[in-house]
Number of protein chains: 4
Amino acid sequence: MLHFDCDYMEGAHPEVMRRLVETNLEQTPGYGCDPHTEHARELIRQACGVPQAEVHFLVGGTQTNATVIDGLLRRHEGVLAADSGHINVHEAGAIEAAGHKVLVLPGYDGKVRACDVARYVEEFYRDETWPHMVAPGMLYISHPTEFGTLYTREELEELHAVCQRLAIPLYLDGARLGYGLAADGNTLSLRDIARLCDIFYIGGTKVGALFGEAVVITRPELLPHFFTLVKQHGALLAKGRLLGIQFETLFTDDLYLRIARQAITTARKLKEAFRAKGYRIHIDSPTNQQFFVLPNREIDRLSQYATFELWGPRGEEESVVRFVTSWATTDEQIDELIARL
Amino acid sequence: MLHFDCDYMEGAHPEVMRRLVETNLEQTPGYGCDPHTEHARELIRQACGVPQAEVHFLVGGTQTNATVIDGLLRRHEGVLAADSGHINVHEAGAIEAAGHKVLVLPGYDGKVRACDVARYVEEFYRDETWPHMVAPGMLYISHPTEFGTLYTREELEELHAVCQRLAIPLYLDGARLGYGLAADGNTLSLRDIARLCDIFYIGGTKVGALFGEAVVITRPELLPHFFTLVKQHGALLAKGRLLGIQFETLFTDDLYLRIARQAITTARKLKEAFRAKGYRIHIDSPTNQQFFVLPNREIDRLSQYATFELWGPRGEEESVVRFVTSWATTDEQIDELIARL
Amino acid sequence: MLHFDCDYMEGAHPEVMRRLVETNLEQTPGYGCDPHTEHARELIRQACGVPQAEVHFLVGGTQTNATVIDGLLRRHEGVLAADSGHINVHEAGAIEAAGHKVLVLPGYDGKVRACDVARYVEEFYRDETWPHMVAPGMLYISHPTEFGTLYTREELEELHAVCQRLAIPLYLDGARLGYGLAADGNTLSLRDIARLCDIFYIGGTKVGALFGEAVVITRPELLPHFFTLVKQHGALLAKGRLLGIQFETLFTDDLYLRIARQAITTARKLKEAFRAKGYRIHIDSPTNQQFFVLPNREIDRLSQYATFELWGPRGEEESVVRFVTSWATTDEQIDELIARL
Amino acid sequence: MLHFDCDYMEGAHPEVMRRLVETNLEQTPGYGCDPHTEHARELIRQACGVPQAEVHFLVGGTQTNATVIDGLLRRHEGVLAADSGHINVHEAGAIEAAGHKVLVLPGYDGKVRACDVARYVEEFYRDETWPHMVAPGMLYISHPTEFGTLYTREELEELHAVCQRLAIPLYLDGARLGYGLAADGNTLSLRDIARLCDIFYIGGTKVGALFGEAVVITRPELLPHFFTLVKQHGALLAKGRLLGIQFETLFTDDLYLRIARQAITTARKLKEAFRAKGYRIHIDSPTNQQFFVLPNREIDRLSQYATFELWGPRGEEESVVRFVTSWATTDEQIDELIARL
């Protein structure tokens with residue numbers, strides 16, 4: 001059986017595992033106060049070109065989003081996000097549980113537009129009753145988005161500019177950032193993202209680590225006392241060095257990007273094969289998530305050989321499906337799947 | 001340099017690491033819906049003698065406490081705990097952040113007494129103004145406690161009985177449970193704990209795992225929708241099987257208890273050595289945390305060779321220090337430390 | 001200057017004031033434990049035909065919604081409401097501040113449809129990822145709605161039936177309930193509402209009281225410990241009898257309905273006058289809120305004589321305006337306004 | 001039957017009622033944007049000698065405390081308060097419900113000492129694990145305290161100085177402030193309080209108003225967006241002018257202080273009578289709350305003629321009781337009670 005359900009079905013990249021084993025009996029202080037974590041921080045600051053940034057390592061995406069957003073917002077504020085945003089749909093109300101409203105913007109294949117951000121904030125303050133409403137206090141975007149799409153550099157420049165002008169922080173959820181950086185036609189480097197976002201995180205869980213997300217805070221004054229907030233959110237790993245060692249490995253010799261490319265190569269091959277067979281591309285994603293429209297009987301047939309996700313409800317005749325590759329997807333797996341089409 | 005600061009300075013027990021490496025490229029669904037996690041659940045249910053219990057795996061102690069307590073309490077209720085309880089002191093207000101008050105009971109070397117629980121609840125409802133106050137909605141204890149002490153079976157029977165009578169759940173924080181089970185003179189088996197507590201967790205982070213706590217819910221009706229609550233608290237690990245594999249390993253061939261014994265053996269040796277040198281035992285702990293009163297100049301001298309924790313403020317002449325052993329502490333390390341006394 | 005901005009521009013109905021003055025130096029216990037409040041509870045239970053219902057009095061609408069919803073929901077649940085619902089727009093995030101997400105349904109002139117409730121809940125549980133999402137835990141509606149529209153008896157029967165079937169409580173926000181009961185063509189009596197809703201509140205603030213909302217809980221088992229929750233939400237009035245006396249007065253000799261009718265009569269007259277002048281009715285409301293489309297220059301001209309609200313943004317040529325009448329609106333005021341058209 | 005249970009058993013001072021009736025049919029905008037409220041703000045600023053202060057009016061004490069404290073603290077901070085503080089005991093966990101821990105200081109007849117505040121904060125930051133704990137973010141005191149005692153000017157100067165030095169705001173709960181200002185031997189004027197506190201509130205509910213508390217923010221930069229926070233806490237009164245009119249009346253011709261004196265005069269008379277009869281004074285309060293130790297049989301006998309509160313549990317032979325006077329207590333009532341002793 002082949003598996004294309006998601007990008008967290010395996011453990012970690014073998015090199016990451018090797019380092020975890022190698023360092024296993026070292027003795028270090030906890031909570032990220034160890035040399036590996038300090039080294040990982042430095043490697044990330046260098047890769048991002050932001051020597052003054054703060055870098056924190058958390059375990060998973062939902063806890064990272066909840067902690068960062070809770071730290072950025074004041075009590076009367078909410079977070080702007082696309083309707084399809086992970087924080088709005090698939091985090092079990094973690095943002096609201098910390099007291100904040102998600103303020104919904106229209107999403108275009110998962111992306112928000114600078115003009116919609118501007119319109120929301122401007123109309124908000126034009127409404128005389130605004131002090132009775134939740135103030136837009138920050139913008140959340142994800143890159144790649146839930147639909148595998150990417151912001152162009154121009155689009156992120158615009159979002160940056162509008163957030164600057166409106167004086168709200170811009171936070172980028174990079175759960176799958178590696179797959180965005182490695183994508184064909186991508187125009188946004190890690191340095192661009194670090195230059196244009198106030199806070200963002202580099203996803204490890206889906207890109208080669210056992211778990212872990214590296215939060216980069218380019219404007220540390222926005223998140224004072226973040227360590228305590230991480231603890232309060234239950235997001236502080238006792239053996240913090242496990243995060244440090246993983247990111248140290250991923251950011252040595254460009255491993256993070258190198259392994260991400262494998263997911264892109266296999267995803268591209270997959271897309272071309274589906275297209276060649278005459279199937280419709282549902283969303284034109286350059287990243288490791290691929291969305292196709294398949295006849296239901298083809299879905300049923302393929303399900304004998306592979307697992308993948310039905311995207312939305314099953315249609316009468318045909319349905320949308322999602323295939324996800326990852327750093328762990330092999331060429332053999334892809335070839336075998338293609339042979340089954 | 002020798003290290004006795006805490007019991008989470010190394011990675012995982014080598015057998016745990018071996019299994020993580022061995023299973024690394026297996027493909028499984030996320031979020032704990034995999035065969036390893038299911039197997040681990042079953043092993044734990046067997047070890048505890050509670051075939052109907054629910055078992056969930058979370059990453060760390062603070063998040064486990066916050067999630068369980070949030071799930072058990074209704075909005076008007078608070079949690080009873082010893083003044084020294086971890087939730088009252090060292091979790092950065094995670095309980096309050098979820099909306100609940102910690103109601104403080106006197107602690108006796110970290111333990112609460114059944115009579116104090118009864119008195120609190122009875123005096124509470126005797127006060128006519130009780131509807132204006134936070135109702136005691138559950139009892140939190142830790143075993144071993146923050147001071148390395150243990151409840152006897154009789155004491156836990158009493159706490160169980162009083163909680164039953166008062167109709168409040170009893171929750172046991174077992175961050176260091178292995179070291180309690182393996183301690184000299186311990187009278188409480190895992191089966192006793194499972195029989196007497198409504199919810200408890202078996203700590204992995206400090207006892208052989210990289211991270212991870214196994215929550216055993218012997219009365220599942222008390223915590224409906226716990227999965228969603230775990231997600232909401234940011235405590236759901238994407239690659240949930242990492243927790244499953246670790247606990248599967250720890251609960252195979254009695255590994256959990258076997259490795260805990262090493263911490264007890266070395267702690268006992270340490271205590272005897274300090275006692276033989278004429279130093280005062282501050283708290284008589286049978287577990288892996290040892291508390292001694294040392295002259296400040298001895299503390300300074302020892303600090304050249306070993307790291308350990310000052311427990312409370314430094315005194316004028318002498319101070320209390322804590323030495324912690326773990327599954328990873330070797331006989332050589334202890335001998336070397338003793339040679340330095 | 002004439003004022004049609006809202007229905008809370010004056011104090012209380014003179015009869016309410018008379019009773020407050022008359023009872024002013026009586027001595028009674030606080031927090032609603034006084035004979036006036038008990039009497040008011042009884043009068044409301046009788047008027048609603050629900051002898052077993054619990055009745056609580058709170059001060060204002062936002063605090064009532066926040067307290068009731070917080071009491072009804074478990075932590076993993078959210079509240080279904082129309083996009084235009086007061087809790088979703090104009091309560092400054094009070095629902096989210098208590099930890100709950102507002103789950104948005106399409107609104108049709110402020111009303112939700114039973115079929116949309118059913119579809120939301122059914123699609124929710126059909127989605128395999130539902131345990132990662134906020135569960136729909138109750139339905140919030142307002143009657144009259146934000147747009148002055150009313151549910152028919154048939155529609156409320158349907159909402160009741162769907163909520164029963166889905167096992168979620170139905171809560172009705174009756175901030176302007178009097179004006180709904182007194183409206184032309186209204187088909188829903190107080191008894192119908194009490195029969196069909198699990199919880200609702202009878203608005204006093206906008207219908208003759210200085211302040212105050214009467215929460216009727218027809219299924220008290222859904223809201224145990226409500227008194228403490230009211231206190232925790234800061235919604236418990238020390239001199240609770242002030243609420244009791246006001247509702248006692250409003251529910252004696254049918255005062256509540258009688259004074260509501262005056263708002264309806266004047267609103268109807270207003271609507272007919274605008275229609276006769278050829279202006280478009282924006283929403284056909286049978287209650288005390290009236291929405292018209294006026295040319296901007298007519299808006300500017302009228303603003304010299306009267307205050308009223310611009311509803312939404314000002315258009316290029318014409319805009320929507322809202323005129324609100326109340327129990328305090330006199331026939332003279334209406335005639336004077338009409339004369340100015 | 002005579003009543004000395006508490007100071008909120010009647011309605012409002014007749015002059016306040018007269019003004020409410022007189023202004024009843026005036027039409028004003030809601031939410032405190034009316035001329036009466038603006039006037040009241042100005043009168044209070046003048047009385048306090050703080051022309052730049054912000055003044056907000058809320059309905060009750062618990063909601064005021066919860067809103068102010070929630071606005072002052074960041075997420076990682078808690079509020080320091082005496083163990084007996086109202087927020088720690090009798091507000092049903094409202095502070096925790098908003099996510100904040102109450103950090104307990106020893107109380108001396110309800111008062112906290114500057115040296116204890118300093119010690120708490122200094123020891124906190126001396127503990128290396130402080131980032132894992134709730135940071136002391138502000139100080140809450142009440143004046144008069146729960147026990148009717150008063151801070152001297154010197155003591156408040158010291159608290160002010162220590163808070164300044166530690167850079168934490170000082171907030172004074174003045175639920176019974178009038179009775180403190182009017183007390184025999186009081187050394188703290190309203191101007192002193194305004195000079196020494198960052199935020200405080202002047203209690204109306206217990207001192208002549210139907211309800212209402214005036215929050216004076218002498219350092220408005222500490223509480224930006226307070227209006228929205230008030231709304232979010234459900235504490236915004238629609239007909240805000242009701243609060244304005246009441247405080248306008250209370251702060252005209254010194255009414256607030258004048259009526260408070262009546263409570264002091266009657267309380268003093270009461271105390272002298274009890275003392276003359278040989279009963280022990282439990283706490284020597286100069287304000288309107290008086291605490292005596294009475295033989296249980298005297299308590300039972302007196303209970304035939306008067307209501308008052310048992311303070312703490314009933315003793316074997318004798319118990320502590322509390323008698324409370326107010327602006328509404330008449331000399332006749334006191335004489336009648338004394339005659340019954």
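The model is predicted. In chain B, helices α2 and α11 come within 7 Å of each other. Chain D holds an open sheet of seven strands.

**Helix pair in chain B**

- The axes of α2 (residues 35–48) and α11 (residues 241–250) of chain B cross at roughly 40°, which makes α2(B) oblique to α11(B).
- The crossing of α2(B) past α11(B) is left-handed.
- From α2(B), the residues B:H36, B:T37, B:H39, B:A40, B:L43 and B:I44 take part in the contact; from α11(B), they are B:R241, B:L243, B:G244, B:I245, B:F247 and B:E248.
- The residues of this contact of α2(B) with α11(B) are six nonpolar, four polar and two charged.

**Contact of chains C and D**

- Chain C gives 44 residues to the contact, and chain D gives 44 residues.
- On the side of chain C that touches chain D, the elements with two or more residues are α1 (14–22), α3 (61–72), α5 (94–97) and α10 (226–232) of chain C.
- That side of chain C has 22 nonpolar, 16 polar and six charged residues.

**Sheet in chain D**

- The strand order is β2-β8-β7-β6-β5-β3-β4 (chain D), and the pairing is mixed.
- β2 (54–58) and β4 (102–105) of chain D are at the edges with a single partner strand each, so one side of each has no neighbour in the sheet.
- On average, neighbouring strands of this sheet are turned by 25° against each other, direction ignored.
- Strands β6 (residues 170–174) and β7 (residues 199–203) of chain D pair in the parallel sense over four bridges.
- D:L172 has D:F200 in β7(D) as its bridge partner.

Terms used
Residues numbered from 1 in each chain as written. Chains lettered and ligands numbered in written order. Predicted model: local features only at pLDDT ≥ 70, side-chain atom pairs only at ≥ 80, totals over all residues. Axes fitted to C-alpha atoms, helices over the stretch in contact; angles between N-to-C directions. Parallel < 35°, antiparallel > 145°, perpendicular 65-115°, else oblique. Left-handed = near helix turned anticlockwise from the far one by under 90°. Contact = placed C-beta atoms within 7 Å. Nonpolar A, V, L, I, M, F, W, Y, C, P; charged D, E, K, R; others polar. Pairing = 2+ DSSP bridges.
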